[in-house]
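Here are my notes on the model you asked about. Have it open next to you as you read.

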Amino acid sequence: MTSIQQFASNLYLTELHLDEFDVRGAVIIGGKRAVVWDTLSHPRDMQPVLPLLDDKYTMVVYSHADWDHVWGTSALRHHEVIGHNICYERFLNDVPLGLQEKKLAQPGKWDEVILVPPMMTFGGQMQFDLGDVTLELHHLPGHTLDCIVGFIPEWGVLLAGDTVETPLPVVNEDSPVEQWISLLEHWEKDERIKTVIPAHGEIGDRTLFTRNIAYLKTLLNGGDFDLPVIMQPFYHETHATNVEYTRKS
Ligand SMILES: [Zn+2]
């Protein structure tokens with residue numbers, strides 16, 4: 001069951017425990033429009049969000065097309081669904097395959113999921129006036145090629161999706177690690193950012209970028225990284241595959 005945390009007067013966080021890890025989305029309530037940043041893993045995950053939206057014009061934004069971020073959309077009365085161009089392409093390829101695999105592995109558990117691809121897409125960046133507050137979307141390929149971040153300048157908040165993560169970020173086989181690092185370095189220097197809200201792990205400030213940059217650079221250099229003493233099995237496995245993928249590239 002998703003828990004809703006009121007993080008600021010018009011910013012709510014949606015948090016959910018999944019089998020192997022936790023995931024977090026957000027809801028921004030603007031004067032004119034509301035935004036649901038990621039719809040988590042299942043339509044039921046979005047039920048607690050409905051009272052926040054009321055009958056407001058609602059935009060859904062996908063941080064990227066991984067299953068734990070986009071499978072709950074059909075529960076919402078959305079008016080627009082927005083994602084990166086590559087996010088849209090993924091809905092034609094790996095997103096339906098991923099759902100098929102989960103349905104085979106866990107019969108009955110995912111039957112209610114209806115995939116809703118982005119209707120509006122962009123390449124580099126775009127921004128929306130939500131009424132008293134702005135949401136800027138910026139491409140930040142790294143974890144996946146379709147990853148974006150959402151910056152709210154009036155609040156100094158960056159919704160980071162999976163571009164930063166604690167204890168460590170998840171590298172995929174096709175992750176452009178060098179580009180990822182240089183884009184994180186760009187955001188690390190942006191003094192307008194006071195709060196960084198990732199989809200997995202700790203909420204923090206710009207030092208989250210610093211830590212993830214250090215980790216990714218260590219992987220690229222083939223060095224050893226001081227991992228936390230206590231870490232969930234998911235992150236032990238992730239670190240091992242991260243090392244493997246960055247050695248190959
Ligand atoms: Zn994720």
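1. How many helices and strands does the secondary structure of the protein come to? Seven helices and twelve strands, taken as DSSP runs (H or I of at least four residues for helices, E of at least two for strands) and numbered from the N terminus. The radius of gyration, taken over C-alpha atoms, is 17 Å, close to the 18 Å from the globule rule for 249 residues, so the protein is as compact as a globular protein of that length. That rule is 2.2 Å times the number of residues to the power 0.38.

2. Before going on, keep in mind that this is a predicted model, where local features need pLDDT of at least 70, side-chain atom pairs count only at pLDDT 80 or more, and totals for chains, interfaces and linings use all residues. Residues are numbered from 1 along each chain as its sequence is written, and side-chain values use heavy atoms, with hydrogens and water left out.

3. Now for the inside: 52% of the 249 residues are buried (under 20% relative accessible area, 1.4 Å probe, protein chains only). Take contacts (heavy atoms within 4.5 Å) with a separation of 6 or more: 61% of them join residues 24 or more positions apart.

4. Have a look at helix α3, residues 85–92, whose buried residues are Cys 87, Arg 90 and Phe 91. Down the axis of α3, these fall within an arc of 105 degrees, so they line one face of the helix; the arc uses directions from the helix axis to the C-beta atoms. Their cover includes α2 (67–70), β6 (80–84) and α4 (94–105).

Note on methods
Buried means under 20% relative accessible area, exposed over 50%, partly exposed in between (1.4 Å probe, protein chains only).
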